[in-house]
Amino acid sequence: MKILGYTDSENTCDCGKQGLKGVYIVETNQGETLRLGSSCVKKNWDLTQKEFRGKINEAKEQRIKERIIFIKPFNDNFTNFQRQNPNVSKYTIDSPLHSNFMELFTTLKEARIKMNIELPFIVTK
Ligand SMILES: [Zn+2]
């Protein structure tokens with residue numbers, strides 16, 4: 001099994017238990033996706049607390065890698081432009097390259113927003 005994420009916007013375990021702080025999104029070895037409280041994750045896969053923390057850390061590292069891969073091309077485009085045009089910025093509105101700058105700047109900003117929605121950090125206390 002693999003922990004894919006955690007969300008505090010859902011509070012009911014698939015077993016029916018309610019009032020949880022959040023649920024873990026777990027992918028089983030059969031490819032099924034479950035939403036479970038921490039005690040059910042540990043119980044269903046017979047994990048010690050240490051093994052459970054290990055699974056969460058794997059999920060965190062995986063997510064960080066996914067975020068880096070996602071944002072890299074946007075960051076690279078923006079950084080390369082800045083390197084080649086160090087005098088162009090948000091404030092140099094008279095520059096002929098101002099609209100190019102703004103386009104890359106906005107694209108990067110939108111990509112960051114998308115990344116935070118689609119690839120949020122695995123949030124755990
Ligand atoms: Zn449960």
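The C-alpha centres of domain 1 and domain 2 lie 34 Å apart. Domain 1 covers 1-47 and domain 2 covers 63-125; such bounds come from an automatic or database domain assignment. The model is predicted: local features need pLDDT of at least 70, side-chain atom pairs count only at pLDDT 80 or more, and totals for chains, interfaces and linings use all residues. Residues are numbered from 1 along each chain as its sequence is written.

Strands of a sheet pair through backbone hydrogen bonds, either parallel or antiparallel. Here 3 strands form an open sheet in the order β1-β2-β3, with antiparallel pairing. Strands (E, at least two residues) and helices (H or I, at least four) are DSSP runs, numbered from the N terminus, and two strands pair if DSSP finds at least two bridges between them. β1 (2-7) and β3 (33-36) stand at the edges with a single partner strand each, so one side of each has no neighbour in the sheet. β1 pairs with β2 (residues 23-27) over 5 bridges, and Lys-2 stands opposite Glu-27 in β2.

Next come two helices. The axes of α2 (residues 49-84) and α3 (residues 98-118) come within 9 Å and cross at roughly 165 degrees. That makes α2 roughly antiparallel to α3, a term for angles over 145 degrees. Axes are lines fitted to C-alpha atoms, for helices over the stretch in contact, and angles run from 0 to 180 degrees between N-to-C directions. Residues meeting across this pair include Phe-70 and Phe-74 in α2 and Leu-104 and Leu-108 in α3; contact requires C-beta atoms, placed from the backbone, within 7 Å.

Methods: Angles under 35 degrees count as roughly parallel, over 145 as roughly antiparallel, 65 to 115 as roughly perpendicular and the rest as oblique. Two residues are in contact if their C-beta atoms, placed from the backbone, lie within 7 Å.
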